[in-house]
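Welcome! Keep the 3D view open as you read.

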Amino acid sequence: MKTTLQLFSMMIPGLAYLLINNYIPMAGIVVAFKKFNYAKGIWNSPWCGFKNFRFLFTTRDAFVITRNTLCYNLVFIVLGTVLAVIVAVILNELTSLRLKKVYQTFILVPYLISMVVVSYIVYGFLSQDNGFLNNLLVHVFGAKKISWYTEPKRWPYILTAVSLWKNFGYTSIIYYATVIGIDTALYEAASIDGASKWKQIRYITLPELRPTIITLVLLQLGRVFYSDFGLFYQVPLNSGMLMDATNTIDTYVYRGLTQLNDIGRASAAGFYQAVLGFVLILTVNKLVRSIDKESALF
Amino acid sequence: MCVQEETMKKRRGYTAGIICACILGLIPVSCSKNGSASAKSSSKAPVQINLVLLKVYDFSDAQKVQDEMNKILEKRYNIDVKLTYVDFGSWQQQTNLLLLGTDCDILPLFGTPLSTYVANGQLLELDDYYAKSDGTFKSIWSPVELQGTKVNGKLYSITNLRNFANKYSLHMSQKIVGELNIDISSVKTLEDITPVLAKVHKAHPEMYAMVPQTGDTFVNGWMWDGLGDESWIGVLPEKGQTAKVQNVFDTADFKQFTGMTHKWYEAGYIMSDALSNRESGESLVVNGKAFSFFNNDSNAAPVPGTVTSEIIAPWTVSNSYSALSYGISVNSLHPDESWTLLQALYTDADLATLLIDGVEGVHYVKNGNGSISYPAGVTATTSTYGGAAQYWAYPYAALTPPIDTLGSPDFFKELVAFNKSAIVSKAAGFLFDSTSITDQYTACVNVMNKYYKALLCGSIDPAKFIPQADAELKSAGVDAVIALKQQELDKFLKNK
């Protein structure tokens, strides 16, 4: 008990942080069920049942925003994981230590850039008059200019590319950390037995990575009803014509409610996203546990 | 990551709210005790009032101005003021947070419809204070102007001095007008603009013949009155001279305007990146990148290097008076003193001049003719107290000498006359309250966001997209919104 007491005391700051920042504010959930009045405050505002939630379901946009949020996130998770694992494995195969450091830094840079800056980089490519792509189309291919910011059909690809470019560096570093932790004796034994590089990756690296992949994917699934606000709002430059392809739950709530200062409805949307994410993570974790008990989160 | 921050902010907001709610429960009790005890003694310490202000220029010297103001305020009103300038860009988020706490007593209501502040219970009722106020203060605004900041018959704020009316003009580059011998007196209607743009486009194909007024907003209003609705869901066309609420896309005014801009866009006159533009028309024209843009104007002199031609004569939209007005937060700890200060800002010339123009000799110098200038080498953008150039954001600039860049030493007198001369929308003072149909309204806002700006700047074909937008609006429930607006308006006009 004495030794564990010491260890437990180390948890106190973290627990305090969690309590203050993540648990106490949860009481604010009541706002989602109230017609919030600034004069009366949180506790005295009148209750209004599920009225605040109605706008998320009854309008024609409800389907579009839910579909966009879910599908984009699923695509980002699948492609992002595949790309990050590939990069992590490739990083591990590099023998030059200096090159390794250089590549690690380079792939991490996009992750550190603010979305507002990213939106201008994208604009540099897509601007109708001076954009890189339109200049390429006109001067190299002799094609016509494309009005990127008014035609939604290409944006699913653009947003996916931007999201992958921005985030793959960070996740691949996490995977890479797992990869370098794999016991080198396994590889030595394999190469003595005559296994090729490909076989080593296929039968040692990937199976060793599986628990990490499952954990990260589970964590990402918990946020599948949230969207990266910067990506969907800043990168398309808030262009109205693109909304069918760029509107997500977060941007819809932001656009519709900033003018109304409606805290109740905004909280309702946040609550809805959190509950769905929670249910999803529980279900998937249960699924994982029934297949492979070791890999489940809890 | 960003979403996490967003929710973090929300959460922090809640915590702040909870803490504030706790504090609020305790303070009024202790305060009222103090108040009654010390009211008799004349030497009580000055009460500090937080005055929140909007800024579009630099105000790094605000502390200096605050100190000077407090010298006057302590002597005359036994009040201390604390100035908090909030940036235009983060206005809504910041003021919403400020209104939750007690760090904000007086603030300009701007960017959010006044009716929304009232519906959220964020403002103090001012009727009793107004009734008790003195004659000088009461003589400032006419009954119509006062009506403009009432919600359901109750006064919640006091409007400020700026151009209530707008005229809409074409601003053109003086250099190009001279170079191509353009007769600007012949430019009076939208049709007259076409040959001018054609001429400029031919002579200067490298230049945008026309750009948006600012960012992706092609022009800030035109002939339709949104009835206090920034999203233009249901408007009165014809400068608000009818009383029938219509879908803006179906009005003749809107069809004529967008038909014209689309023609210009197709001909290559309008900046093709208009919807992703981030610059103001003014800077594009002054820097020689563009020839012209539409602007909603007051009587102020045009920016040097540009000439203007009026297309739409001045008129006042219904919510003009409440578009920027000064109110008192419901959470204010000192509502009485806040009112005293607010009244002083409208009536005390020394105070108003300090607040708006800064300190004499430091931020401005007096000219002989009654106007002021920046000290040598200083402009609106380099001044360390940029109030004079944003006179329209303050309570009552008519008490102060105008800055010379506005064009006339009698600028504020002329401004008052300009407002009086304009046509006023029939619905003046009407404020739409959408709270009972927020679900349909929110859905309509999203449809309007999609089409309104794109149609206005001509980048999409109105013949094809207006029917499409109408269909989406219909399924979003626009009929219910318009019907409610009409019903509220009829009631308002009957009671007027």
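What follows is a short tour of one helix, one pair of helices and the contact between two chains. Please keep in mind that this is a predicted model.

- Start with helix α4 of chain A, which runs over residues 97–112 and has 16 residues.
- From its first C-alpha to its last, α4(A) reaches 23 Å, close to the 22 Å expected at 1.5 Å a residue.
- Look around α4(A) and you will find it hardly covered: among its 16 residues, the count of buried ones is zero.

**Two helices side by side**
- Next, find helix α9 (residues 197–221) and helix α13 (residues 263–291), both of chain A, whose axes lie 9 Å apart.
- These two helices pack at an angle of about 155°, and angles over 145 degrees count as roughly antiparallel, so that is how α9(A) and α13(A) run relative to each other.
- The crossing of α9(A) past α13(A) is right-handed.
- On the α9(A) side, Ile214(A), Leu218(A) and Leu221(A) meet residues of α13(A), including Leu280(A), Ile281(A) and Val284(A).
- Sorted by class, this contact of α9(A) with α13(A) has seven nonpolar residues, one polar and no charged ones.

**Where chain A touches chain B**
- The contact takes 45 residues from chain A and 43 residues from chain B.
- On the chain A side, the elements giving two or more residues are α2 (41–44), α5 (115–126), α10 (229–234) and α12 (249–257).
- Of these, α12(A) provides the largest share, five residues.
- The residues on the side of chain A that touches chain B divide into 19 nonpolar, 17 polar and nine charged.

How values were computed
Residues are numbered from 1 along each chain as its sequence is written. Chains are lettered from A and ligands numbered from 1 in the order in which they are written. This is a predicted model: local features need pLDDT of at least 70, side-chain atom pairs count only at pLDDT 80 or more; totals for chains, interfaces and linings use all residues. Helices (H or I, at least four residues) and strands (E, at least two) are DSSP runs, numbered from the N terminus. The expected span of a helix is 1.5 Å times one less than its number of residues. A residue is buried if 20 or more other C-beta atoms lie within 10 Å of its own, exposed if 12 or fewer, and partly exposed in between; C-beta atoms are placed from the backbone. Two residues are in contact if their C-beta atoms, placed from the backbone, lie within 7 Å. Ala, Val, Leu, Ile, Met, Phe, Trp, Tyr, Cys and Pro count as nonpolar, Asp, Glu, Lys and Arg as charged, and the others, Gly among them, as polar. Axes are lines fitted to C-alpha atoms, for helices over the stretch in contact, and angles run from 0 to 180 degrees between N-to-C directions. Angles under 35 degrees count as roughly parallel, over 145 as roughly antiparallel, 65 to 115 as roughly perpendicular and the rest as oblique. A crossing is left-handed if the near helix is turned anticlockwise from the far one by less than a right angle, and right-handed if clockwise.
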